[in-house]
Amino acid sequence: MFKVKVVLAGPSEGGKTTLANFLADATENSISEQYRPTRGLRILEFESNNLNVNNRFARAEVELWDASGNPAHENCWPAVKKDAHGVVFVFDPSVEEQARALEPFYAYFVEKGGLSETQCVVFASCRADGKIARGAKLGSQFNRIPQLQINIAEEANRVRNDFNTFLVSLLNNLSEKSEQEEMSIMNMRN
Ligand SMILES: Nc1nc2c(ncn2[C@@H]2O[C@H](COP(=O)(O)OP(=O)(O)OP(=O)(O)O)[C@@H](O)[C@H]2O)c(=O)[nH]1
Ligand SMILES: [Mg+2]
């Protein structure tokens, strides 16, 4: 079974913890009314089944790192980035400042080394009543990263599917890599 470390990154009140609880609990009603800032870091673990990886069904053990978006907790970031397979950037598109506030996270996780853009996705986390006509627009550095609108309250299944699709893309990379490694080990033996 694959083990995948996925990081949730983005500004405070973007919706990371809400998303993490939803994904890990597998319940439909995990949106809490009250905002409780994450202090530092939480790590949630769960299994995702029935993932189609290279035309084989696979399961994955997901380690979801839900870090605080508050710059006061930046000291956690190195541990968060270390050995991460993928990053989900989360922000609230109905709040203009959140688009700007996402940029330091891109800079840290992608620009400053670590992850490539193929290991990233942006989830614009819409609130229940969030009929946003025109959401906050992200900087051009995000142009090469797929961006999806998610709405846990109204489209729970779709959010889960979107996350699993992202997982599969990460796992495809991983399984290709391990096949290449196997190949090179065999070549060394020959
Ligand atoms: N209705 C609805 N509310 C949401 C959703 N996501 C977040 N919220 C609300 O937005 C607020 C902030 O959400 P959190 O998930 O705690 O934000 P966070 O990104 O973890 O913030 P930090 O821990 O400070 O970095 C909370 O009041 C949530 O109830 C959502 O999908 N739907
Ligand atoms: Mg949080």
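Modeller: Start with burial: a residue is buried if 20 or more other C-beta atoms lie within 10 Å of its own, exposed if 12 or fewer, and partly exposed in between. Keep in mind that this is a predicted model.

Biologist: Does Asn-50 count as buried or exposed, and where is Asn-50 placed?

Modeller: Asn-50 has 8 C-beta neighbours inside 10 Å, so it counts as exposed. Its place is in strand E2, residues 41-53. The phi of Asn-50 is near 55°, a positive value in a residue other than glycine.

Biologist: How should I read a positive phi?

Modeller: Most residues other than glycine have a negative phi. Asn-50 is one case with a positive value.

Biologist: Where does Glu-13 lie?

Modeller: Glu-13 is in the loop between strand E1 (2-9) and H1. With 18 other C-beta atoms within 10 Å, Glu-13 is partly exposed.

Biologist: Now the whole chain. Which elements does it have, and in what order?

Modeller: The chain has five helices and six strands. Read from the N terminus, the order is β-α-β-β-α-β-α-α-β-β-α. Along the principal axes, the C-alpha atoms fill a box of roughly 60 × 35 × 30 Å.

Biologist: What share of the residues is buried, and what share of the contacts links residues 24 or more positions apart?

Modeller: Buried residues are 32% of the 190 in the chain. Of the contacts with a separation of 6 or more, 75% are between residues 24 or more positions apart.

Biologist: How do I read a nonpolar core?

Modeller: In soluble globular proteins, nonpolar side chains tend to be buried together. Here the largest nonpolar core has 42 residues, and Val-7, Leu-8, Val-88 and Phe-89 touch the most other members. Among the elements that give two or more residues to this core are E1, H1, strand E3 (56-67), strand E4 (86-91) and strand E5 (120-125). Helix H5 (156-189) is also on that list, and H5 gives the most, with six residues.

Biologist: Which residues does Val-88 touch beyond its sequence neighbours?

Modeller: Not counting residues up to four places away in sequence, Val-88 touches Val-6, Leu-8, Val-121, Phe-123 and Phe-166.

Biologist: How do I tell whether a strand is enclosed?

Modeller: Check the burial of its residues on each face. In E4, six of the six residues are buried, so the strand is largely enclosed by the rest of the structure. Gly-86, Val-88 and Val-90 are buried on one side, and Val-87, Phe-89 and Phe-91 on the other.

Biologist: With which strands does E4 pair, and in what sense?

Modeller: E1 and E4 run parallel and are joined by four bridges. Ala-9 stands opposite Phe-89 in E4. E4 also pairs with E5 in the parallel sense, over five bridges. Val-88 has Val-121 in E5 as its bridge partner.

Biologist: What are the surroundings of Gly-86?

Modeller: Gly-86 is in strand E4 and is buried, with 22 other C-beta atoms within 10 Å. Leaving aside neighbours within four places in sequence, Gly-86 is in contact with Val-6, Gln-119, Cys-120, Phe-166 and Leu-170. Gly-86 and Asn-172 are 86 residues apart along the chain, and their C-alpha atoms are separated by 12 Å.

Biologist: How far apart in space are Ala-136 and Leu-171?

Modeller: They are 31 Å apart, C-alpha to C-alpha, and 35 residues apart in sequence. Ala-136 is in the loop between E5 and strand E6 (147-150). Ala-136 has 18 C-beta neighbours inside 10 Å and counts as partly exposed. Its contacts, leaving aside neighbours within four places in sequence, are Pro-93, Val-95, Glu-96, Gln-98 and Ala-99.

Biologist: Last, the ligand. Which residues are closest to ligand 1?

Modeller: Ligand 1 is surrounded by 21 residues, of which the closest are Gly-15, Thr-17, Tyr-35, Thr-38 and Gly-69. By class, the shell has six nonpolar, eleven polar and four charged residues. Helix H1 (residues 16-25) gives the largest share, three residues. Seven of the ten residues of H1 are buried, so this helix is largely enclosed by the rest of the structure. Among the buried residues of H1 are Lys-16, Thr-17 and Phe-22.

Methods: Residues are numbered from 1 along each chain as its sequence is written. Chains are lettered from A and ligands numbered from 1 in the order in which they are written. This is a predicted model: local features need pLDDT of at least 70, side-chain atom pairs count only at pLDDT 80 or more; totals for chains, interfaces and linings use all residues. Two residues are in contact if their C-beta atoms, placed from the backbone, lie within 7 Å. A residue is near a molecule or strand if its C-beta atom, placed from the backbone, lies within 6 Å of it. Ala, Val, Leu, Ile, Met, Phe, Trp, Tyr, Cys and Pro count as nonpolar, Asp, Glu, Lys and Arg as charged, and the others, Gly among them, as polar. A nonpolar core is a set of buried Ala, Val, Leu, Ile, Met, Phe, Trp, Tyr and Cys residues joined through C-beta atoms within 7 Å. Two strands pair if DSSP finds at least two bridges between them.
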